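This report walks through selected features of one protein model.

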Amino acid sequence: MLSERFKNDNVARLTLKEAQLAARNEYLSQVALGKYQFESVLCECGSNDLEILAKKDRYAIPITTQICKSCGQVFSSPRLNQTSTSDFYANLYRKLYVGTAAADEQFFNRQVRHGNRILRYLSDVIKPNRGSVLEIGCGAGGILKPLEEAGYSCIGVDLGDTYLDMGRQFGLTLHCMSSQQLYETTKEKFNLVILSHVFEHFLDIEKELNTISSLLAKNGLLYIEVPGLFNLRNTYDSDFLKYLQNAHNYHFNLALLKRVLGKYGFSFVKGNENVQAVFKKSDNSVPCTDNQYPSIRAYLDDLESNRECYVKQQSENAELAIRQRFSELDLTLSTFPDESVSLYGTGLHTKQLLSYITQAKKLKNIISPDAAEHGNTMGNLPIIALEEQIPKAIVISSNSYQETIFRRINHLESSGVEIICLYK
């Protein structure tokens, strides 16, 4: 194991909500009763020369994470078999991972913002404003919203119907079915298939990629993103244990992903270590053959030894990003007359924003939809209802609810009001 922290000691790395604890206990009960069954598997490269890295995940669920010494692939074995996996996703997955069985608008908003990032990443490899897009494992479907608004014909499939209901409220075409079921019921071929944090969940990679290949149009592209092993210094508080989760059967850096996709007939188009990658079907794909074991093992050892240093660096980077974002806002505000801009939102984000920006003289007031706040002040700015005064510009001062607020006020753009979103 990487260290004693990774032993099966019933200690969770995360602070779990009550609903998450209940889901975890239910999972352990199903295992104890023998209703959840496990299977042992070899590495994708066929080797059984394995080393154990961890015996639990971040929820303190017993799961053995191993690394192949022949190629470096990191994966779970033993793992839930297909029947038990299906039951887990149907009944416990969302409760354990999110703490609720249904999606809320905030969850949808996070997906929408992520969809915008994906659209920007794909802008140099997909044709603008046309083509068909399929997202497999779409959750609430928010990733598809920016693509649909950009002119693409979008369909999403997922096995969680309650999450799909949220996206359907926003007019998205979402189906409760697997990719195989979609293939069996449609003749449509897609120009782009998206797997956003889905590929690592697959049990049978070959079967899933064969289905995807059948759903792709000629010259169609497959976009895959997974949590990158070589990006852990920048995510998950630089903690491999906080990164581990029982539903993730495989773990990748970019080279490992290229190896697996090449094995099953996909050639590499572009990618990074986050990991984001684009592939296309190919008869001449060349799989990566380098053994990643030495570099991955060294990376994880360094992460474990120097975690506190990397966490400090993450915090400093986050602070720098905030300062950069508010400096950019300062520059934007400088182009407006004094007292011509409103902030929308009265939460902690607004207090932080007011403490950073230097162009406060450009601000006239703060808008709140809560009538109980009207007449109060924040940072010497009056809090008013939107209807009282229509400014030249509105800065949406919220991270989590930016998209919700934008949908609430974007009709003002037709009246010439500039709406400024801080988070793209």
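Ala, Val, Leu, Ile, Met, Phe, Trp, Tyr, Cys and Pro count here as nonpolar, Asp, Glu, Lys and Arg as charged, and the others, Gly among them, as polar. The model is predicted, and local features need pLDDT of at least 70, side-chain atom pairs count only at pLDDT 80 or more, while totals for chains, interfaces and linings use all residues. Residues are numbered from 1 along each chain as its sequence is written, and side-chain values use heavy atoms, with hydrogens and water left out.

**Cavity and pocket**

Both kinds of space are found on a 1 Å grid over the protein atoms alone: a cavity is a set of points where a 1.4 Å probe fits but cannot get out, and a pocket is an open set with protein on both sides within 12 Å along at least five of seven lines. Lining residues have an atom within 4 Å of a point. Grid points are joined across faces, edges and corners, and a volume is the space filled by probe spheres set on the points. Helices (H or I, at least four residues) and strands (E, at least two) are DSSP runs, numbered from the N terminus.

The whole structure holds 1 cavity of 30 Å³ or more. The volume of the largest cavity is about 100 Å³. Its lining consists of Tyr27, Ile63, Arg79, Leu80, Thr85, Phe88, Tyr89, His201, Leu203, Asn246, Ala247 and Asn249. Two or more of these residues come from each of β5 and α2 (82–91), and α2 gives the most, with 3 residues. By class, the lining of the largest cavity has 7 nonpolar, 4 polar and 1 charged residues.

The second largest pocket has a volume of about 370 Å³. It is lined by 15 residues, and those closest to its centre are Val112, Asn116, Glu149, Glu403 and Phe406. At least two lining residues come from each of α4 (105–122), α5 (144–149) and α14 (402–409). Helix α14 gives the most to this pocket, with 4 residues. The lining of the second largest pocket divides into 7 nonpolar, 3 polar and 5 charged residues.

**Strands**

Two strands pair if DSSP finds at least two bridges between them. Leu343 has Ile366 in β15 as its bridge partner.

Elsewhere, strand β9 (residues 190–196) pairs with β10 in the parallel sense over 6 bridges. Val193 stands opposite Leu222 of β10. For burial, relative accessible area under 20% means buried, over 50% exposed, and in between partly exposed (1.4 Å probe, protein chains only). Strand β10 is largely enclosed by the rest of the structure, because 8 of its 10 residues are buried.

**Backbone details**

Asn219 lies in β10 (residues 216–225). Asn219 is exposed, with a relative accessible area of 69%.

| Residue | Phi | Relative accessible area |
|---|---|---|
| Ala60 | about 65 degrees | 2% |
| Asn219 | near 70 degrees | 69% |

Ala60 is in the loop between β2 (50–56) and β3 (62–68), and it is buried.

There are also cis peptide bonds to note. The bond from Ser77 to Pro78 is cis, with omega near 0 degrees, and Pro78 sits in the loop between β4 (74–76) and β5 (79–80). A cis peptide bond also joins Asn274 and Val275, with omega about 5 degrees. Val275 is in the loop between β12 (266–271) and β13 (276–281).

**Asp239**

What is the place of Asp239? Asp239 is in the loop between β10 and α9 (240–243). Asp239 counts as buried, at 0% relative accessibility. Its side chain makes a polar contact with the side chain of Arg13 at 2.4 Å. Such a contact is a pair of N or O atoms within 3.5 Å; within protein, one must be able to donate a hydrogen and the other to accept it, and residues adjacent in sequence count only if both atoms are side-chain atoms. Leaving aside residues up to four places away in sequence, Asp239 touches Arg5, Arg13 and Arg307, where contact means heavy atoms within 4.5 Å.
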